[in-house]
Amino acid sequence: GVKLARARHAALVSAVALALALSGPQSPAAAPPSPPGGWLRVDLWAQRATVVRGRRDGIAPLLAHVATEPAAMPAREVAVGAAPLPAAPTAPQVRALFQRAGTTVAWPLRLGAEPYFAFTPLPGEAPCAIAATVSLLPGGGKPVVLWRGGPPRDPWPGMAEVTLDLAPWAEQSVALQLDVRRGAPGSVACAMLWGSPELLSREPLNGRGAPARATPPHPNIVLLGADTLRADAVGAWGRRPSVTPALDALAAESDVWLDAFSTVNSTNPSFASIHTGLYVHHHGVRDLASPLPEARVTLAERLADAGYDTCAVIAARHLDPDRSGLGQGFAAVAAADETAAARLAVDQAIDWLQRPRSRPFFLWVHLFDPHTPHLPPAPYALGERAARPYGLSPVRDWIPFRALGPRPFRDARLRGARDLYLGEVAYLDREVDRLLGLLRSRGLLADTLVAFVADHGENLEEHGITYRHAGLWDATTHVPLMVRWPQATPRPAGRRLRGLVQTLDLFPTLLGAAGLADDGSDGRDLRRLTGAGRHGRSAVFAEQSDGQGAAVRTAGWRYFVSTGSRLVADGPYLYDLSRDAGERRNLAGQGRRQERELRALLAQWLRGGTTAGQRGQLTAEQAAALRALGYD
């Protein structure tokens, strides 16, 4: 169930301290300067409340799961990676305020333009009848009740976010008051969990136009990395009906690489490739437990040396710097206590972006959704998504992307279902929308490069595999990749570029955008790979994290060898993609010329012959992969 502060005091105090350190001053009066009309977010989770009634310890910030289930979720085996993780929580976490019944608390606030208060009622640890009230106290006036309610009756998908319009009190000093009372007597210690409580408003223009803006010598860079997101789940890659209005709008402003492929089918190795520009057998990270060696130079290190302010927001515990080594070069890191929901990760990113700075910034945001367990909040779990991009404005209209209603898990142990996977994608899209809305409203997008990429895909019951990213098919390696260039980089918007590219090609691309040279990675600048008569790489490669094995893919064929996977049978796999785009018919072992050629090309790549150069002796994994290909 929900883990309250008293049960995990030390861990939650650490998480609170980290979030406060990243978010900086939270008072509206101390807000960093921004262009007039820009959104300002005040996180009540990080604000000290005045206790009007009840115990002083009646309210506390903590991290809570966005959902609970009647039966505890069993420990789940992690198929990708050498070291299994501890039991997964029932759902990812968000910031929440724990308020005991019998207390009233208030925050004095100065509202801007278009203000509103937002929160999500979360399920409690035990059933309890609660009557909660949100009120506004204008200066010298009587309280105005804005909302009455309580915790959700159903543990999942629970209740949708509540947004309360405060426009009648715009640009006034007010007090926001939360009151919690027990609705019926009983021995259970009742409490209300206010999930992601925040006040948002715009700074007023006061009749002024936007200030003059000088173009900086180097752009800000935002790298958005989604976990377990297939290319064909995004509308810009052909998903119909689309569940991603914000990503589709971003694609309309970006270069979109339609044929982008990951270097590996696991999170830590994949992000290590993105951050170093190296294939797995060159950077050495092969699972969820091995950290990136300090000798490997990361994108953040290069940018920090060039004067960038750097921050990483990491939504999964196995990616935290101590485990992954990917904190190299980041001045600030917000790492997940367990697994952070996209809402928490984006809130942390917004907190950091609101801080004043005089240098260009590099922000990496890792979003764990839509990885299992598939527990998106309402209304995404019920088949609805935002009708269009709203930025940081409240969502006014919702539209269905499937027949409405709850969906059972197709894989009860992993908590997986295709419809719920798409609900997770829609939820992730809305959170990306919020982050882009902050950047756009503050005038930062003009000087900011935004790159969006996924680490790998997912089997959604293809190849006999349910909701695990085992194997090296298109389902697990074909990912979305797009770059929105800053205003100073004149390029046609919305280009849809064909030609094979790899996620590690982002490394030299982002360095080049910052005016820095690539000093010998395996990546190639995307601007020189495709477009203007260029057709991308002749082949892309990937390694298998769930065992040994590797893959090569050309425009028309895929060949890979699996060895030692618990889910993919040992042996070679060959597919004619021109006739079998779903990779359903394995043609290996039939004496085809393409198999011989691709087998030799894959062996050459594993030895280093098609990469940036030799980097020492073959690793044990490389040697095993070559033996699987029939080479000694």
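Predicted model: local features only at pLDDT ≥ 70, side-chain atom pairs only at ≥ 80, totals over all residues.

Me: What share of the residues is buried?

Reply: Buried residues account for 60% of the 632 in the protein. As for contacts with a separation of 6 or more, 74% of them are between residues 24 or more positions apart.

Me: How many aromatic pairs are there?

Reply: The count is 17 aromatic pairs. One of them is Trp-39 with Tyr-116, edge-to-face, with 6.0 Å centre to centre and 80° between the planes.

Me: Where do Trp-39 and Tyr-116 sit in the fold?

Reply: Trp-39 is in strand E1 (residues 39-43) and Tyr-116 is in strand E6 (residues 113-122), so the pair ties together parts that are 77 residues apart in sequence. Both Trp-39 and Tyr-116 are buried.

Me: And Trp-352 with Phe-361, why is that pair edge-to-face?

Reply: Their ring planes stand at 90°, with the centres 5.9 Å apart, so the pair is edge-to-face; the cut-off for that label is over 60 degrees.

Me: Which charged residue lies over the face of Trp-352?

Reply: That's Arg-357, at 4.0 Å from the ring centre. There is also Arg-388, whose charged end sits over the ring of Tyr-390, 4.0 Å from its centre.

Me: Which residues make up an aromatic cluster?

Reply: Phe-117, Phe-119, Trp-147 and Trp-194 form one.

Me: Back to E1. How many of its residues are buried?

Reply: 5 of its 5 residues, so to speak the strand is mostly covered. Both faces are covered: one side has Trp-39, Arg-41 and Asp-43, the other has Leu-40 and Val-42, and all are buried.

Me: Which strand is E1 joined to?

Reply: E1 is joined by 5 bridges to strand E11 (residues 191-202), and the two run antiparallel. Within E11, Leu-199 is the bridge partner of Val-42.

Me: Switching to the nonpolar core. Which residues touch the most other members?

Reply: In the largest nonpolar core, which has 110 residues, Trp-194, Leu-363 and Phe-452 touch the most other members. Helix H8 (residues 418-441) gives this core its largest share, 12 residues.

Me: Why would nonpolar side chains end up buried together?

Reply: As a general matter, nonpolar side chains tend to be buried together in soluble globular proteins.

Me: What does Phe-452 touch?

Reply: Leaving out residues up to four places away in sequence, Phe-452 touches a list that includes Leu-224, Ala-226, Leu-229, Leu-247, Leu-250, Leu-428 and Val-432. Pro-480, Leu-481 and Met-482 are on that list as well.

Me: How many residues of H3 are buried?

Reply: Helix H3 (residues 267-276) has 10 of its 10 residues buried. Among them are Asn-268, Ser-270, Phe-271 and His-275. Just after H3, Gly-277 has a positive phi of about 75°.

Me: Last topic, the open sheet. What's the strand order?

Reply: The order is E27-E28-E29-E30, 4 strands with antiparallel pairing. Strand E27 (540-543) and strand E30 (571-576) are the edge strands, each pairing on one side only. On average, neighbouring strands of this sheet are turned by 10° against each other, direction ignored.

Me: How many bridges join E29 to E30?

Reply: 6 bridges join strand E29 (residues 557-563) to E30. Tyr-559 stands opposite Leu-574 in E30.

Me: And which helix lies across those strands?

Reply: Helix H12 (residues 593-607) lies across E27, strand E28 (548-553), E29 and E30. H12 runs at about 115° to E28.

Note on methods:
Residues numbered from 1 in each chain as written. Heavy atoms only, no water. Phe/Tyr/Trp six-rings, centres within 6.5 Å; stacked < 30°, edge-to-face > 60°. Buried < 20%, exposed > 50% of the residue type's maximum accessible area, 1.4 Å probe, protein only. Lys NZ or Arg CZ within 6 Å of the ring centre and 35° of its normal. Pairing = 2+ DSSP bridges. Core = buried A, V, L, I, M, F, W, Y, C linked by side-chain atoms within 4.5 Å. Contact = heavy atoms within 4.5 Å. Axes fitted to C-alpha atoms, helices over the stretch in contact; angles between N-to-C directions.
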